[in-house]
Amino acid sequence: MKRTQKLALGGIFTGLAVVLMFLANFLPMLNIALPVFAGMVLMPLMVELNWKWSLAAYGAASLLSLILIRNLDSLILFIGLFGWYPIVKGALEKRKMNRAVEYLIKLVCFNIALAVCCALVFFLLGVTELFSQILAFQYGIVIFFVLMNIVFLLYDFCLRRVAQWYVGFVRPKIIKKLFK
């Protein structure tokens, strides 16, 4: 694929991710789902191109989202959790390492990012009420992190399915015809 074609493909997927994030301004009830879908949109760039192009698309989508998105919850979720993960997932799965080590690395990365996002929400946005309710429960923070890890594993599973669908259906019918 030529450099201009790579740039066009990156721009298409970046634009789609930004449009999904922009919808968070008008659909606040989807403030968790839209960052998840915006991250999934960036997954095909790891399939078609490489981690450098994917990282550039994530950076561009993040910067544009910072400018356009008023919903800070969605913004933090996209930039802090769901936007960068398809890049890490693609890079780890290309290494063909032991599956247990791969998931251990993924879970460690996710838990560090989750802790940072929680700190940002707590200190930057001042959402102390939610955290006081979680901490009021004896094992509330542990249960919160366990549940979020289950959500993360479901996200990882869904990303795998999106990549398979993209390779099996979209790539042969659309991408190969557009970018011959």
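The legends below describe close-up views of a predicted model. Residue numbers start from 1 along each chain as its sequence is written, and the model is predicted, so local features need pLDDT of at least 70, side-chain atom pairs count only at pLDDT 80 or more, and totals for chains, interfaces and linings use all residues. Side-chain values use heavy atoms, with hydrogens and water left out.

**View 1. The second largest pocket holds about 300 Å³ of space.** A pocket is an open set of points on a 1 Å grid over the protein atoms alone, where a 1.4 Å probe fits and protein lies on both sides within 12 Å along at least five of seven lines. The volume is the space filled by probe spheres set on the points, with grid points joined across faces, edges and corners. The lining has 13 residues, and a lining residue has an atom within 4 Å of a point. Met 43, Gly 90, Glu 93, Lys 94 and Arg 160 lie nearest the centre of this pocket. Four helices each supply at least two lining residues: H3 (43-48), H6 (85-94), H7 (99-123) and H9 (140-178). Helices are DSSP runs of H or I, at least four residues long, numbered from the N terminus. By class, the lining has 5 nonpolar, 2 polar and 6 charged residues. Here Ala, Val, Leu, Ile, Met, Phe, Trp, Tyr, Cys and Pro count as nonpolar, Asp, Glu, Lys and Arg as charged, and the others, Gly among them, as polar.

**View 2. Asn 25 sits in the loop between helix H1 (3-22) and helix H2 (33-41).** Asn 25 is buried, at a relative accessible area of 12%. The cut-offs are under 20% relative accessible area for buried, over 50% for exposed, and in between for partly exposed, with a 1.4 Å probe and protein chains only. A polar atom of the Asn 25 side chain lies 2.7 Å from the backbone nitrogen of Arg 70. Leaving aside residues up to four places away in sequence, Asn 25 touches Leu 68, Ile 69, Arg 70 and Asn 71. Contact here means heavy atoms within 4.5 Å.

**View 3. Leu 30 and Asn 31 belong to the loop between H1 and H2.** Leu 30 is partly exposed, at 33% relative accessibility. Asn 31 is buried, at 18% relative accessible area. Beyond residues up to four places away in sequence, Asn 31 touches Asn 71, Asp 73, Ser 74 and Leu 77. For Leu 72 and Asn 31, 41 residues apart along the chain, the C-alpha separation is 9.0 Å.

**View 4. Helix H5 (residues 72-82) is mostly covered.** Of its 11 residues, 8 are buried. These are Ser 74, Leu 75, Ile 76, Leu 77, Phe 78, Gly 80, Leu 81 and Phe 82. Leu 72 also lies in H5. Leu 72 is partly exposed, at a relative accessible area of 39%. An α-helix has 3.6 residues a turn, so residues three or four places apart point the same way.

View 5. Lys 96 is a residue other than glycine. Its place is the loop between H6 and H7. Lys 96 is exposed, at 71% relative accessibility. In H6 itself, the buried residues are Tyr 85, Pro 86, Ile 87, Lys 89, Gly 90 and Leu 92.

**View 6. The whole structure has 0 disulfides.** A disulfide is a pair of cysteine sulfur atoms within 2.5 Å. The closest cysteine sulfur to that of Cys 118 belongs to Cys 117, at 7.1 Å, too far for a bond. Cys 158 is in no disulfide either; its nearest cysteine sulfur, that of Cys 117, is 19 Å away. Cys 118 is buried, at 13% relative accessibility. Cys 158 is partly exposed, at 34%.

**View 7. Met 1 lies in the segment before H1.** Met 1 is partly exposed, at 44% relative accessibility. From Met 1 to Cys 117, the C-alpha to C-alpha distance is 37 Å, across 116 residues in sequence.

Terms used
A polar contact is a pair of N or O atoms within 3.5 Å; within protein, one must be able to donate a hydrogen and the other to accept it, and residues adjacent in sequence count only if both atoms are side-chain atoms.
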